[in-house]
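This report describes the pairing of charged side chains in one protein structure. The sequence and the structure are shown first.

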Amino acid sequence: MADRPTSPAGLPALREEHRRLQQEMADPSLHEDAGRARRVGRRYAELEAIISRSDEIAAVQADLATARELALEDPDFAAEADQLEARAARLSEELEELLAPRDPDDGRDVILEIKAGAGGEESALFAAEMLRMYRQYAAARGWLLEVLDLADSDLGGIKAATISIRSRGAGTPADGVWAHLKHEAGVHRVQRVPVTESAGRIHTSAVGVLVLPEADETDEAELLADALAPANLRVDVFRSSGPGGQSVNTTDSAVRITHLPTGIVVSCQNEKSQLQNREQALRILRSRLLDAHHAAQDAEASQARRSQVRTVDRSERIRTYNFPESRVTDHRTGYKANNLDQVLAGDLDAVIDSSRRAEREARLVAGAEDAR
């Protein structure tokens, strides 16, 4: 794929790439390679949004020129000219947003892991609430959420959960799952009176979230083929524990895969079939290896600034959910709102948008520095 121009001056090159991709998508042989077809579809959707917005601006500017000319003879056209001018300005801002420097993984789906941390059973209970929160957020956006692995706690919480969240089709990177959820990674802190607390004291617990861009077949073929060679994998099977029906504790359906070169260990036991658990574990392993590949690239670049732009400090404590005050606070962006119930019901747009704006501003600053 061609590099993305980041200003309207680069539009002719984008139009040419758009034309080439249109021809490529019309070729039936493209769909023989699912990974390539998906990659081409994502890029085409991105360019389609840019080209259509550019064409719309041109049409509005033509109407504006006509309205201004007519306003010289008939003042009634002056109001229409003002409206068209405001619309042209708004469309230009949208085009700048589409052309802004962007994380190349924004259009990807994600693997998201939730793990109970400090706080024992209270942390596990809140981890379960966070899983429901992401499930409802995904549903509101029309995404597909699949539980890949789940470990329950004694009181109905979860010790750990691994889920896949996918878009339903090719869209622009700005609409991608990774673009929205990557900044959820980090430590989420909850302050409330636990159900296990008899004295009514407020406790502080923590839940860890890890978000990975999901690797696809193309990544496996181009980047991860050597890493995923059979000689690099140790596969163990064992009996499942926890919910799962009659097969639990009676068949060796759970799977653990160890990546020998890196020591990464992934296990899945959510499905009754050993084959299904193996496939789920490989999906998670591929995504962890892809994330490690990106981290190595960032380290080789020796530019901490680039890593911060990519992650916005994903490893730090990122958010506090304060139940007594019904307050949600994002510690990276300064976002605060007293709408905890709505946030836990999946209304995450405002808090996520605050992180997306912070990332966009950081990328624009980085782009300006690189241009000097």
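A salt bridge is a side-chain nitrogen of Lys or Arg within 4 Å of a carboxyl oxygen of Asp or Glu. The model is predicted, so local features need pLDDT of at least 70 and side-chain atom pairs count only at pLDDT 80 or more, while totals for chains, interfaces and linings use all residues. Residues are numbered from 1 along each chain as its sequence is written, and side-chain values use heavy atoms, with hydrogens and water left out.

Searching the whole structure gives 24 salt bridges. Three of them are listed here, including the pair R43 and E46.

| Salt bridge | N to O distance |
|---|---|
| R43 and E46 | 2.9 Å |
| K182 and D103 | 3.1 Å |
| R108 and D105 | 2.8 Å |

R43 and E46 both belong to helix α2 (residues 34-71), three residues apart, which places about one helical turn between them. Helices (H or I, at least four residues) and strands (E, at least two) are DSSP runs, numbered from the N terminus. R43 is buried, at 8% relative accessible area, and E46 is buried at 9%. Here buried means under 20% relative accessible area, exposed over 50%, and partly exposed in between (1.4 Å probe, protein chains only).

The salt bridge between K182 and D103 joins two loops: K182 lies between α5 (177-181) and β4 (186-192), and D103 between α3 (76-99) and β1 (110-116), so the pair ties together parts that are 79 residues apart in sequence. K182 is buried at 1% and D103 at 2%.

R108 and D105 are likewise buried.
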